[in-house]
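Please read the following report alongside the sequence and the coordinates, which are shown directly below.

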Amino acid sequence: LLHLATHGLINNEQPMYSKLVFSENPSDSVFDDYLHTYELYNTKLNAKMAVLSACNTGTGEVLKGEGVISLASGFFYAGCQSVVMSYWGVDDKITSELMKKFYANLSDGMAKDRALRKAKLQIMEEGDFFVSDPYFWAGFVVIGDASPISSGTNYYWWIFACLFVIACFFFYRKLRN
């Protein structure tokens with residue numbers, strides 16, 4: 001999983017130059033503390049999900065035959081199976097709370113889209129009148145593979161259970177002899 005809670009700068013004229021900002025004072029080198037969309041097209045990521053909790057990560061230019069060229073599309077091109085992205089500027093504090101609830105729902109085994117929906121409902125229910133406004137939470141969407149994220153611990157449980165049964169079998173046979 002990748003989670004990037006940064007600032008997003010969108011370039012509507014040249015969407016491949018849209019970028020995530022990692023530092024307030026970027027250096028003057030090749031490593032400029034920005035992650036541009038064009039850099040993602042030259043990257044191989046093996047991630048089940050990228051969460052882009054920055055402003056406008058799903059907006060960009062619509063190209064015929066390509067769809068929307070955005071930071072989110074760059075993560076798909078790089079190999080992410082699903083992306084959580086935003087369609088407009090987002091509030092840092094409310095986004096932080098939304099993401100905490102989203103990850104709690106994911107850890108309960110929910111599908112990504114359902115986990116995000118439930119997190120939005122929780123924000124609406126627990127927040128005041130101001131926070132319940134859709135402007136603060138409705139901009140986030142899940143695109144791509146929405147299936148639950150498996151932790152892999154189920155395989156370890158089955159391996160442990162099989163080894164335990166085998167050990168009991170050998171212990172039983174030894175007692176019989």
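## The mixed sheet

In this predicted model, Leu-4 has Leu-52 in S5 as its bridge partner, and the two strands concerned, S1 and S5 (residues 50-52), pair in the parallel sense over 3 bridges. They belong to an open sheet of 4 strands with the order S1-S5-S8-S9, in which the pairing is mixed. Its edge strands, each pairing on one side only, are S1 (2-4) and S9, and neighbouring strands are turned against each other by 15° on average when direction is ignored.

Further along the order, S5 and S8 pair in the parallel sense over 2 bridges, and Val-51 stands opposite Val-84 in S8. The pairing of S8 with S9, by contrast, is antiparallel and runs over 5 bridges, with Ser-82 standing opposite Gly-144 in S9.

How many of the residues of S8 are buried? The count is 5 of 5, so S8 is largely enclosed by the rest of the structure. Ser-82, Val-84 and Ser-86 point one way from the strand, whereas Val-83 and Met-85 point the other way, and all of these residues are buried.

Helix H4 lies across S8 and S9, and runs at about 175° to S9.

## Helix H4

Helix H4 comprises 15 residues (112-126) and reaches 21 Å from its first C-alpha to its last, which is close to the 21 Å expected at 1.5 Å a residue. Its buried residues are Lys-112, Ala-115, Leu-116, Ala-119, Lys-120, Gln-122 and Ile-123. Because they cover an arc of only 160° around the axis, these residues lie on the same side of H4.

The buried residues of H4 pack against strand S8 (82-86), helix H3 (92-107) and strand S9 (140-144). On the face turned away from the buried side, H4 carries the exposed residues Arg-114, Arg-117 and Glu-125.

## Phe-140 in strand S9

Phe-140 has its place in strand S9, and with a relative accessible area of 0% it is buried, since the cut-off for that class is under 20%. Leaving out residues up to four places away in sequence, Phe-140 touches Leu-52, Ser-53, Val-84, Met-85, Ser-86, Val-90, Thr-95, Leu-98, Met-99, Leu-116 and Lys-120.

S2 and strand S3 (residues 19-21) pair in the antiparallel sense over 3 bridges, and His-7 stands opposite Val-21 in S3.

His-36 lies in strand S4 (residues 34-36). Is His-36 buried or exposed? At 7% relative accessibility, His-36 counts as buried, and apart from its neighbours within four places in sequence it is in contact with Met-16, Tyr-17, Ser-18 and Lys-19.

## Cysteines and the chain as a whole

The structure holds 0 disulfides. Cys-55 counts as buried at 17% relative accessibility, and Cys-80 is also buried, with a relative accessible area of 4%.

The protein chain has 5 helices and 9 strands, which follow the pattern β-β-β-β-α-β-β-β-α-β-α-α-β-α when read along the sequence. Of the 177 residues in the protein chain, 34% are buried. Among contacts between residues at least 6 apart in sequence, 64% join residues at least 24 apart.

Conventions: Residues are numbered from 1 along each chain as its sequence is written. This is a predicted model: local features need pLDDT of at least 70, side-chain atom pairs count only at pLDDT 80 or more; totals for chains, interfaces and linings use all residues. Side-chain values use heavy atoms; hydrogens and water are left out. The expected span of a helix is 1.5 Å times one less than its number of residues. Buried means under 20% relative accessible area, exposed over 50%, partly exposed in between (1.4 Å probe, protein chains only). The arc is that of the directions from the helix axis to the C-beta atoms. Contact means heavy atoms within 4.5 Å. A disulfide is a pair of cysteine sulfur atoms within 2.5 Å. Two strands pair if DSSP finds at least two bridges between them. Axes are lines fitted to C-alpha atoms, for helices over the stretch in contact, and angles run from 0 to 180 degrees between N-to-C directions.
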